Amino acid sequence: MANKEALREIQTRLAERLKTVRAEVPGVSWLAVECAGRGFLLPLHEAGEIFALTTIVPVAHAKPWFLGVANLRGGLHGVVDLAAFLGIKGGDRPAEAVRDRVQFVAFNAALDLNCALLVDRLAGLRRAAQMTTEPEVPSARPDFVGDCYRDAAGRVWQELRLAELARHESFLRVVD
């Protein structure tokens with residue numbers, strides 16, 4: 001019960017900060033999340049609501065990173081294990097020990113995709129003014145992978161463009 005209350009408190013604080021960020025001078029801002037020990041930045045205007053872990057119903061013949069579907073506030077959403085999709089960990093369901101920390105980050109309704117990403121941890125909000133762009137390493141990467149940034153603490157964050165991800169063929173092909 002205490003974990004649910006703590007989660008509600010975190011969600012309330014994050015919602016308040018989201019309102020504050022949206023009211024500030026326009027600029028690039030992200031929702032920072034962690035998956036398999038790596039930091040990712042999801043564009044704030046492309047991210048939707050944040051949900052606590054709930055029951056996920058598996059889908060037959062789905063790829064390992066597609067965990068199934070979940071009822072999120074009355075709507076069915078496909079649930080994708082972000083770390084597994086990116087190939088940085090296996091596609092197993094969250095272990096009991098971390099169930100209270102994992103969250104779903106839904107895509108913004110404007111992207112017209114009922115999907116939520118399973119992330120290990122929310123890490124707050126970030127603004128471009130707080131980050132420095134890392135030099136680009138020449139390599140082939142999908143369109144949904146944006147720039148790398150470094151924060152004041154020296155941590156590297158990778159931007160993931162949800163609008164591009166929502167159109168990416170391999171992301172949309174959830175069955176083998």
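Two strands are taken to pair if DSSP finds at least two bridges between them. The model described here is predicted.

By this criterion, strand S10 (residues 145-150) is joined to S11 by four bridges, and the two strands run antiparallel. Val145 lies opposite Leu160 of S11 in this arrangement. S10 and S11 form a hairpin with five residues between the strands, where Gly154 adopts a positive phi near 90 degrees.

Strand S11 spans residues 156-160. S11 also pairs with strand S2 (residues 38-43), here in the parallel sense and over three bridges. Leu41 is the residue that stands opposite Glu159 in S11. Strand S11 is mostly covered, with four of its five residues buried.

An open sheet is formed by five strands, arranged in the order S3-S6-S7-S5-S4 with mixed pairing. Within the order S3-S6-S7-S5-S4, strand S6 (residues 103-107) and strand S7 (residues 115-119) are paired in the antiparallel sense through four bridges. Ala106 faces Ala116 of S7 as its opposite residue in this pairing.

Notes:
Residues numbered from 1 in each chain as written. Predicted model: local features only at pLDDT ≥ 70, side-chain atom pairs only at ≥ 80, totals over all residues. Heavy atoms only, no water. Buried < 20%, exposed > 50% of the residue type's maximum accessible area, 1.4 Å probe, protein only.
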